[in-house]
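I put down what I looked up, in the order in which I looked.

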Amino acid sequence: MLFGQENSGRIDGTVLDETGAAIPGAKLVASAPILPRDLETVADGAGNFAFPSLPPGVYSITITKTGFTTSKQVNIRVTLGAKITLTPRLGVGTVSQTVEVTETAISLDVTSSRTSTNITSDQVVELPKSRNFNSLLAMAPGVRLESKSGSAGVGGISVDGASGSENVFILDGVEVSNTLNGSLGGSANIPFEFLREVQVKSGGFESEYGGATGGVVNLATKSGSNAYHGELDYQFTSNQLNPRPRGAWQGSPLNADVADFFAPVEDNYRKQYPGFTFGGPILKDRIYFFVGYMPEFVRSIRTNRYDSTAQTVAANRALGTRQYNQETIQHYSIARLDYSATSKLNINTSWLWSPYRTSGTLPTTDIRRAPPTNDLTVTGGWAPTQSYTASATYTLTPKFLITARYGYRYDNAKSTNYGLPGVPYYIYQTASSASPIAVPSGVAGSNGFASSSSTLATARDITTRNNVYLDATQIFEAKGQHSLKFGFALNRQSNDVATDYTNGRFDIYWGEKYSRGSINQATGTYGYYVWQDGVRLNSNVNGRNMGFYVQDAWRIHQRVTVNVGVRLENEFLPPYKKEQAGVQIANPISFGWGDKVAPRIGVAWDVLGDGKWKLSGGYASVFDVMKFNLARGSFGGEFWVSHVYELNDPNVQNLSKANPGVLGKQIISYDNRTLPINSAGVIDGNDPNMKPYQTKEFFFNLDHQLSDKVVGGIRYTRKRLINSIDDIGVLDAEDNEVYLIGNPGRGLTRDTSSVYGQKTPNGKEFLVPKATRDYDGVEFSVRGRVARSIQLNASYTYSRLYGNYAGLANSDENGRSNPNNDRAFDLPYYYFDASGSQQNVYGRLATDRPHTFKLFTSYDLKTRAGSTIIGLSQYAYSGTPLSTSVIYQSAPTYPNGRGDMGRTPFFTQTDVQVSHEISLNERARLRLEANALNVFNQAAVTNVQQQINRSAAITAAELPLSKFFGGYTLSDYVNPQNINKLTGASSNARYSPIYKLPLAYQNPRELRLGIRFIF
């Protein structure tokens, strides 16, 4: 993805004498433990000075001038992206006379119009958290951890209504968000011990940032200093400390038409987090190092008592009691060097090694489902991952600097490829007891039974990223002070992937009937089955994107700063298939420099001129940088053909990839991934007038310094989705899903001569609506130290998220993270209800929470026995909307509109951390910690079954399009009796017995204990 690199903060200001007159020529020296050598600058003729690039840390600024006393300002905290303005005053006297000023106040940056939050190492120490940095991102304005905002990686992180695939994650200059789906992977979710600071940008980004229609998360790792420092750490948790996992409703393993609440038995598990960090000088005042290793070891033992008295499947009792083991290791290792080559040249480099290993597979704890028959102890895998960055900053003059940065990331997602059996992999989608004819005991099984653990073999799934960034900053005077920054970014990405099932995958539907398009209730003697030939891949591709930006912070008045800039981007998305029928395939999507022009403008007003009140606002246009997922799924990467057969022979063990039709004749075969091209190699399914994915934002902020250490603020944000890119589907004559890649509501979807541009029968509404996602939010916040020992960060947000499209991760599919080719727009009936109005359906989206309250606070009690810190995080959120859906033909629709099922319950959670630190001597401390997440073990429902049909679909034969658009009653076609009330025949769509029942609950309490030795 494309973005600038903000790995530093800034201090500037004006040196004055006691009368307020400027003092030109004053010498200023900035020093900090993290700097290998002090930085120097000289005030210009107007007394102005600047340190434009300071690594995050605590600084002292010493100001000297012959004929004046020396002033030393200490304890100045510089955070990522911060601009701190100082106005030191020198009295008449000698240089040897020093006046020390302690700077501990929070300073409003009255020149910036962006919204950002900096999470410092002090806050990390004091607040409850998990092991990894994502657990504290909710401290930032507009940020929530939402499972429905993304299912990939560590889950969805929603910023101002955007989905979890629309953020950019930066680690020491390397983007670590997933190349395929934009998520934050576990290997990049590094532990807090490696981090000096985390910055979260929620809105009003400068032009140097691109590709983030959500937010930007910027991570700065720790560095060494002139003294040796480090820590030894051990933390752990286990099943003995925590309650059992939550249960949930499911279709019964014995009968898919019966609701069943299953409460899993708790495993015997232990999670251990040992580790160390160490840093210091290699050469004092010149070269520093920092290294660390913080692995996560998880060992689980699962004991399934198939012969217990609770067993209701007689055949499973013969399995006896079985024990299964699984071990996982997530490695996290870091090495960093900082080198001050000269007073003007600073270089740093860092390497992060974070592979993941798993050994063993655990079957379900539901003893009614027989375990897989293969040896689970030999399964597992190894997924190597690493990141590298190198950066150089050269200060040509005190007001002109240039930076150059290189980043590389490698990720091979093959963590489940060991010990895969070469047997056919078949899964019972219904219990064998549903067959109209009794089946042999050797193939009898429950709903959900799998013949083996998954046999999907990933030989390789390598993604790489090579980044180059060049930036320059010039500070000058021209009708006010300017801080002009411009830069260029080049990002080359690749994906080398090969996956397939070792001997085929088969879905078995005992006693079920198949319907699709013109096929109506086809079945065999025992039901039907589907050979899923795919999804399999074998491709090696490369893509590229570039960006150029220029931005200026222009102080047009002593109290007014205009932040203005523009960003231009250029990218192409590669085909995953190089040629077809001897014709080379062209790049399917390509945007030139003129296609993605993103202006940004913001204004900041220091209302009273004293730095206590700031009013700011602005406008930003942001384009997404496309993920490889679309190319992989729609441009020749994924091969996926579904072959449906009658099940006339119950001996499913005879299935194989070589003979998939051995049990019955074929009913239908359809291609889920067609790739039509013309003679020039251009993919026919791409809209030639496609526009890039774009959002626009308007924002207003009012900030007030309530005291020296406390800041309050009000923020209004208005974000609108301008264009989305998605696969827009129709069924062809053979019932294949044929797709257009384009902008819903634009291009061919508005061309009535195109099959994608058709209208409703009354001619008033296009079948494919414009993708709409409107976010409006007002936030009230306060942060700082309200007392010497009390830290506070609190916010309340009132918001609305409205439309028909969730974004690049689809909350309508519980956070499915397949950017640009999820189920949205898959058929032109998705957005129509059963009322017969023939109007597109809009409403509150599935992650809408009108009321959000967040509190993060801590209290530091210092006694002779040491320092005891009590930290608390409190969350209180509205529930999320629930909407009935039903599959019509082959895609979901909303027959009752959005939100007809109400909302999930109000969500509250309290997290607590208690730590006690003892000073052993001047250099060593011992800290004991206890972290309790969801300390009261609250169990709010977080998701409910919303799809009313458990399988199959309402067909066009049952519900013709004329009737669909004319209005219908859902219960006529889907009901607990599974009959078509209009004809009396059995219905195609089978009613879900768990409709409206809970599928997921709040995570149970987790207590984690730890000890640290800090030196």
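Which residue takes a positive phi in the hairpin of β6 and β7? I found that G67 does, with phi near 95°, in a hairpin that has five residues between the strands.

**Ground rules**

I am working with a predicted model, in which local features need pLDDT of at least 70 and side-chain atom pairs count only at pLDDT 80 or more, while totals for chains, interfaces and linings use all residues. Residues are numbered from 1 along each chain as its sequence is written, and side-chain values use heavy atoms, with hydrogens and water left out.

I noted how strands are named: they are DSSP runs (E, at least two residues), numbered from the N terminus. Two of them pair if DSSP finds at least two bridges between them. Strand β6 covers residues 57-64 and pairs with strand β3 (residues 27-31) in the antiparallel sense, over five bridges. I looked up one partner here: L28 is bridged to I63 in β6. Strand β6 also pairs with strand β7 (residues 70-78), again antiparallel, over six bridges. In that pairing, V58 has R77 of β7 as its bridge partner.

**Entry: β30, β32 and β33**

Next I followed β32. Strand β30 (residues 400-412) pairs with β32 in the antiparallel sense over 13 bridges, and A404 has L470 in β32 as its partner. How many bridges join β32 to β33? I counted on the record of bridges and wrote down 21, with the two strands running antiparallel.

**Entry: T464**

I then picked T464, which is found in strand β32. Is T464 buried or exposed? T464 is buried, with a relative accessible area of 14%; the cut-offs are under 20% for buried, over 50% for exposed and partly exposed in between, with a 1.4 Å probe and protein chains only. Leaving aside neighbours within four places in sequence, T464 is in contact (heavy atoms within 4.5 Å) with Y408, R409, Y410, R492, Q493 and S494. The side chains of T464 and S494 make a polar contact at 2.3 Å. I noted the rule for a polar contact: a pair of N or O atoms within 3.5 Å, where within protein one must be able to donate a hydrogen and the other to accept it, and residues adjacent in sequence count only if both atoms are side-chain atoms. I also checked T464 against S518: they are 54 residues apart in sequence and 45 Å apart in space, C-alpha to C-alpha.

**Entry: the nonpolar patch**

I looked for a nonpolar patch on the surface and found one made of W351, Y388, Y406, V468, L470, F486, F488, F548 and W593, with about 740 Å² of accessible area together. Patch members have over 30% relative accessible area and no salt bridge; nonpolar side chains (Val, Leu, Ile, Met, Phe, Trp, Tyr) are joined within 5 Å, and like charges within 9 Å. Areas come from the Shrake-Rupley method with a 1.4 Å probe, and for residues only the protein chains shown count as cover. Strands β32 (456-477) and β33 (481-501) each supply at least two residues of this patch. W593 sits in strand β41 (residues 589-606) and is partly exposed, at 33% relative accessible area.

**Entry: salt bridges**

I looked up 55 salt bridges in the structure, each a side-chain nitrogen of Lys or Arg within 4 Å of a carboxyl oxygen of Asp or Glu. One of them joins the side chains of R336 and D172 (3.5 Å, N to O). R336 lies in strand β25 and D172 in the loop between β14 (168-171) and β15 (174-175), so the pair ties together parts that are 164 residues apart in sequence. Both residues, R336 and D172, are buried. The side chain of R336 also makes a polar contact with that of D338 (2.9 Å).

K657 forms a salt bridge with D500, the closest N and O atoms being 3.0 Å apart. K657 is partly exposed at 30%, and D500 is partly exposed at 23%.

Terms used:
Helices (H or I, at least four residues) and strands (E, at least two) are DSSP runs, numbered from the N terminus.
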